[in-house]
Amino acid sequence: MTFKSHLDGSKHRFTPEVSMQIQHGIGADIIFAFDELTTLMNSRAYQEESLARTQRWAERCVIEHQRLTAARPDKPKQALYGVVQGAQHEDLRRKAARDLAALDFDGFGLGGAIEKENLGTICTWVNEELPVDKPRHLLGIGEPEDLFEGVEHGCDTFDCVTPSRVARSSRVYSPDGRFNLNVAASTRDFRPISDECDCYTCANYTRAYLRHLFKANEMLAATLCTIHNEHFFVSLVDAMRDSINAGQFAEFKTEYLGRYLAGA
Ligand SMILES: [Zn+2]
């Protein structure tokens, strides 16, 4: 696949092999197979064609990953995950999951074009086909309600740019919803972002000071809010895990989202 750089217009060619070489080179703990991300606008025929391409690329990724791993036996273990595409078509999602499960992957990523209201259903289709003894990672999901949906329907891990992206525009998470710090009401608000949070930012800085940093265009503002937002999500997932272990996930979800969404 050939891409044009948004920086200088130069052309770059990526292949499954190049993708594996780059991810090995940067020392990624979890490497994702090279896949094609389609959109909801693509036709059914195109989704099928794309899925076949992603499967061929997945096979080449496994081969290249194994070659690179064997070439450097002293290196820490790097895991390779296949990426399940198929948009919102049940048969394509299930087939993609089965075909990838037949390859030697350490885990699986669930990605691609999904409307929010279909997230749980699609996770269920895919997770019913994937092996139970390998981790399932939901790609690019980053709001509390989506994490609950993913966990409830069998996903184990998550990643998303949202916590840091929204932090750069002064938006922060709390158990009572997400809010904007950079408003007049923060000027003399000497509370932390959340008095229920034990992150570095909440232990040391007030909303008033953080707002001052945003007003002064200090980079530190985004850094401190990112620390808080990342901590918020890790703590939330910790709490979900505890609730599962205690057999209380459904109750925890209802209670947590009831409060969070009422405040958001
Ligand atoms: Zn905090």
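The following legends describe close-up views of one predicted protein model. Residues are numbered from 1 along each chain as its sequence is written. In this predicted model, local features need pLDDT of at least 70 and side-chain atom pairs count only at pLDDT 80 or more, whereas totals for chains, interfaces and linings use all residues; side-chain values use heavy atoms, without hydrogens and water.

**View 1. The zinc site.** The zinc ion is coordinated by Cys197 (SG), Cys199 (SG), Cys202 (SG) and His228 (ND1), at 2.1 to 2.3 Å. Donors are N, O and S atoms within 2.8 Å of the metal (3.2 Å for Na, K and Ca); water is not among the atoms, so sites may look incomplete. The angles among the 4 donor atoms are 99 to 118 degrees, and the site is tetrahedral (four donors with all angles between 85 and 135 degrees). Cys202 belongs to helix α7 (residues 200-204) and His228 to helix α9 (residues 219-245), so this pair ties together parts that are 26 residues apart in sequence. Helices are DSSP runs of H or I with at least four residues, and strands are runs of E with at least two, numbered from the N terminus. Both Cys202 and His228 are buried (under 20% relative accessible area; exposed is over 50% and partly exposed in between, with a 1.4 Å probe and protein chains only).

View 2. The side chains of Arg60 and Glu17 form a salt bridge with an N to O distance of 2.8 Å. A salt bridge is a side-chain nitrogen of Lys or Arg within 4 Å of a carboxyl oxygen of Asp or Glu. Arg60 lies in helix α2 and Glu17 in helix α1 (residues 16-25), so the pair ties together parts that are 43 residues apart in sequence. Arg60 is partly exposed, with a relative accessible area of 35%.

**View 3. A network of salt bridges.** Glu90, Arg94, Arg98, Glu128 and Glu129 are linked in this network. Within it, the side chains of Glu128 and Arg94 meet at 2.8 Å, N to O. Glu128 is in helix α4 and Arg94 in helix α3 (residues 90-101), 34 residues apart. Glu128 is exposed, with a relative accessible area of 53%, whereas Arg94 is buried, at 16%.

**View 4. Helix α5 and its link to α10.** Among the buried residues of helix α5 (residues 144-152) are Leu147, Phe148 and Val151. A salt bridge joins Lys253 to Glu152, with the closest N and O atoms 2.5 Å apart. Lys253 lies in helix α10 and Glu152 in helix α5, so the pair ties together parts that are 101 residues apart in sequence.

Terms used: Tetrahedral: all angles 85-135°; square planar, octahedral: opposite > 155°, others 65-115°.
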